[in-house]
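Please look over the structure shown here before reading on. The report that follows takes up a few loops, the packing of some helices and the core.

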Amino acid sequence: MSDSTEVANTPLWGPVTSLALQNSPHTGLRLRDLPEFLRAFADVKLAAVRANRDLGVLDAVRAEVIAEAAGEVARGDLLDQFPLRVVATGGGTSTNMNVNEVLASRASRLLPPDVRLTVHPNDHVNRSQSTNDVYPTATKVLLVRQAIEVASVLRKLARSYRRQAEQHEGVRRLGRTGWQDAVLVPVSETHRAHAVAAERFADQFDVAAQTLQAVQLGGTALGTGVGAPAGFARLAVEHLTEITGIPLRPSASPVDAYAHADGYSLLADTAARCAGILFKQSQDFLILSSGPNGGLSEVILPKLQPGSSIMPGKVNPVVPSMVGQASFSIRAAAVAVGMAVAAGEPDFNANGPAVVANLSPALNELAAVVPVFADRCIDSLHWNRARLAELAAHPFDSLIEQAEKDGYDAVAGRSA
């Protein structure tokens, strides 16, 4: 069998992909820009091939070469063969056919020379399937993997915060309400609160991932299962679980799964709320590290790079600033996903491409910036103990205690 690299630059797609290319804009996010989505799609096709082979509706010869071609796509060997926009004319059907046509062409070339067969994109690669069930299943596999990755990096961030808490046991800082002096707060508890928030969102991403583990593969058109042999749905999901290592399960109601895509909103909303808290934490560090002479200067962040092209020696908090700005696009993506989910038809939500185009990059952004926040900011910051002591010289702790004895009005009069 020939090496896939021999055809890496040879068009393997067919007429449906060509028409979608002609009818779609020539710019924008492409399928080849999301290799993890193509991997998920290839995994779904491989699961379907195995189920079709097991049920005797696809011969072993074709099944073997389709499976090999799907493995190449899953590894990212044929990215150039997926030029379609993620949001293309024809929506999920164009994407599904791009995958079907590439796998069929590649599988045909992988057939032994003495075998007089061809592989058809619809009759063989897409057998027992519809775009209705394949596209959302691939989307869910993609998003589950990404949600698990985001949960993992959030737990890493939490560990960074907990290390800072351990390093600053016994250190106190002046807390504030309304930006006015209040009472002393343990620095260790400040960082433990940061860690608790990160861990809470990690747990919520796990919950969102579990929700998306219910897939509609085998439901074919509108959840009816028409065109698929008996037992295909159960067997295909079992194979997909084995391939991906994700504990997938058939949707409790395929009709519900087709009509209502709120699982995407759950994940998108989790990402948006997480991005909001990361924005808040990054802004806290911007404020607490303000200075060095004209601000609070309570926290000293690592000096990573010049902060100005005109002011020599100026250093800015570049990582918190980056995290804050990254949160904007993540939260905006959640708005787009919510609109896509709400705009479904009575029997089917065809807006999967809009979900993928917005939510997958947003999750990638989260997974990328959180480790940098942990490694290049949290792990390296330290608190300016001299400044903390200076600012903490006159907290309200003693006045609160005095008011317990003498009354609020009496103490307020003395301290005015």
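This is a predicted model: local features need pLDDT of at least 70, side-chain atom pairs count only at pLDDT 80 or more; totals for chains, interfaces and linings use all residues.

As background, most residues other than glycine have a negative phi, and most peptide bonds are trans.

The loop between helix 10 and strand 5 holds S297, which has a positive phi of about 55° although it is not a glycine. S297 also counts as buried, because its relative accessibility is 12%. The loop between helix 10 and strand 5 (299-300) contains P292 as well, and the peptide bond that leads from G291 to P292 is cis, with omega near 10°.

## Helix 10 against helix 12

Two packed helices are described by the angle between their axes and the distance between the axes. For helix 10 and helix 12, the axes come within 11 Å and cross at roughly 35°, and the crossing is left-handed. On the side of helix 10, the contact is made by Y264, L267, A268, A271, C274, L278, Q281, S282 and F285, while helix 12 contributes V355, L359, L363, L366, V370 and F373. By residue class, this contact of helix 10 with helix 12 comprises 13 nonpolar residues, two polar ones and no charged ones.

Q281, a residue of helix 10, counts as buried because its relative accessibility is 5%, and, leaving aside neighbours within four places in sequence, Q281 is in contact with Y161, H194, A197 and F373. S282 also belongs to helix 10 and is buried, with a relative accessible area of 0%; with the neighbours within four places in sequence again left aside, S282 is in contact with P320, V323, G324 and F373.

How far apart are the end C-alpha atoms of helix 11? Helix 11 covers residues 318-342, and at 1.5 Å a residue its 25 residues should span 36 Å, so the separation of 37 Å between its end C-alpha atoms agrees with that expectation.

The buried residues of helix 11 are V319, P320, V323, G324, A326, S327, I330, A333, A334, V337, A340 and V341, and they pack against helix 10 (262-288) and helix 12 (352-376).

In soluble globular proteins, nonpolar side chains tend to be buried together. In this model the largest nonpolar core has 109 residues, and those with the most contacts inside it are F37, L143, L157, F205, L267, L366 and F373. Helix 6 (residues 131-167) supplies the largest share of this core, namely 15 residues.

Leaving aside neighbours within four places in sequence, F205 is in contact with A147, V150, A151, L154, L267, T270, A271, C274, L363 and L366.

Is H239 buried or exposed? H239, placed in helix 8 (residues 232-244), is buried, with a relative accessible area of 11%. Not counting residues up to four places away in sequence, H239 touches A47, R50, A51, R53 and D54. The C-alpha atoms of H239 and Q402 are separated by 70 Å, the two residues being 163 residues apart along the chain.

Technical notes
Residues are numbered from 1 along each chain as its sequence is written. Side-chain values use heavy atoms; hydrogens and water are left out. Helices (H or I, at least four residues) and strands (E, at least two) are DSSP runs, numbered from the N terminus. The expected span of a helix is 1.5 Å times one less than its number of residues. Buried means under 20% relative accessible area, exposed over 50%, partly exposed in between (1.4 Å probe, protein chains only). Contact means heavy atoms within 4.5 Å. A nonpolar core is a set of buried Ala, Val, Leu, Ile, Met, Phe, Trp, Tyr and Cys residues joined through side-chain atoms within 4.5 Å. Axes are lines fitted to C-alpha atoms, for helices over the stretch in contact, and angles run from 0 to 180 degrees between N-to-C directions. A crossing is left-handed if the near helix is turned anticlockwise from the far one by less than a right angle, and right-handed if clockwise. Ala, Val, Leu, Ile, Met, Phe, Trp, Tyr, Cys and Pro count as nonpolar, Asp, Glu, Lys and Arg as charged, and the others, Gly among them, as polar.
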